[in-house]
Amino acid sequence: MIKVQSTNRNLLDLFRGLESVKTIKGARFAVLVGKNLKELKHMLSPIEEAASPSIAFQEVSIQMRDLMEAEDADGVKTLEEESKELIEERKAQMAAVEDMLDLETSVELHTIREDQLPAEVTGEQIEKLLELIV
């Protein structure tokens, strides 16, 4: 195990990298990927919850999408005006999430030895996991 000191944003990138290799076969590799995913998910879940849009915003978003698909510019403008406060709340919410992503944190993660890497793993996938590979 290693202690990884990083921003939440970098840990999110690492999580995505692990997600991209979780279906690759290799028993020991799969166990290590699974353990790291579990730890990172636990670490990042408050950010995920903070980023979740309100039900009201989701409803407006669906209406906006429908108006845009119908190419109803007047309807879009009207909905934007009617939902101005809700849209501002969402912008503030996402700004707070961005701040959370930039916070420094540390987490204990399982290292992956080079000899545990499956043959199917690509250079692109490895690049995202480099801080775990020893």
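Q: Which residues have the most contacts inside the largest nonpolar core?
A: In this predicted model, the largest nonpolar core has 24 residues, and those with the most contacts inside it are Leu14, Leu18, Val21, Val33, Leu40 and Leu109.

Q: Which elements each supply at least two residues of this core?
A: Helix H1, helix H2 (27–51), helix H5 and strand E2 each supply at least two residues, and H2 gives the most to this core, with 7 residues.

Q: What is Leu14 in contact with, leaving aside its neighbours within four places in sequence?
A: With those neighbours set aside, Leu14 is in contact with Leu40, Leu109, Lys128, Leu129, Glu131 and Leu132.

Q: And which residues does a second, separate core include?
A: That second core, which is separate and has 6 residues, includes Phe57, Val60, Val76 and Leu79. As a general background point, nonpolar side chains in soluble globular proteins tend to be buried together.

Q: Switching to Gly17, where does it lie, and is it buried or exposed?
A: Gly17 lies in helix H1, which covers residues 8–21, and Gly17 counts as buried because its relative accessibility is 0%, where the cut-off for buried is under 20%. Not counting residues up to four places away in sequence, Gly17 touches Lys128 and Leu129.

Q: How many Å apart are Gly17 and Leu37 in space?
A: From C-alpha to C-alpha they are 9.7 Å apart, while in sequence Gly17 and Leu37 are 20 residues apart.

Q: OK, what about Thr111, is that buried or exposed?
A: Thr111 has a relative accessible area of 19%, so it is buried, given that buried means under 20%. Thr111 is found in the loop between strand E2 (104–109) and helix H6 (123–127), and, leaving aside neighbours within four places in sequence, its contacts are Ile2, Leu32, Gln116, Leu132 and Val134.

Q: Zooming out, how many helices and strands are there in the protein?
A: The protein has 6 helices and 2 strands, which follow the pattern β-α-α-α-α-α-β-α when read along the sequence.

Q: Why is the protein more spread out than a compact globule?
A: Its radius of gyration is 20 Å, well over the 14 Å that the globule rule gives for 134 residues, and therefore the protein is described as more spread out than a compact globule. Along its principal axes, the C-alpha trace spans about 60 × 30 × 20 Å.

Notes
Residues are numbered from 1 along each chain as its sequence is written. This is a predicted model: local features need pLDDT of at least 70, side-chain atom pairs count only at pLDDT 80 or more; totals for chains, interfaces and linings use all residues. Side-chain values use heavy atoms; hydrogens and water are left out. Helices (H or I, at least four residues) and strands (E, at least two) are DSSP runs, numbered from the N terminus. Buried means under 20% relative accessible area, exposed over 50%, partly exposed in between (1.4 Å probe, protein chains only). Contact means heavy atoms within 4.5 Å. A nonpolar core is a set of buried Ala, Val, Leu, Ile, Met, Phe, Trp, Tyr and Cys residues joined through side-chain atoms within 4.5 Å. The radius of gyration is taken over C-alpha atoms; the globule rule is 2.2 Å times the number of residues to the power 0.38.
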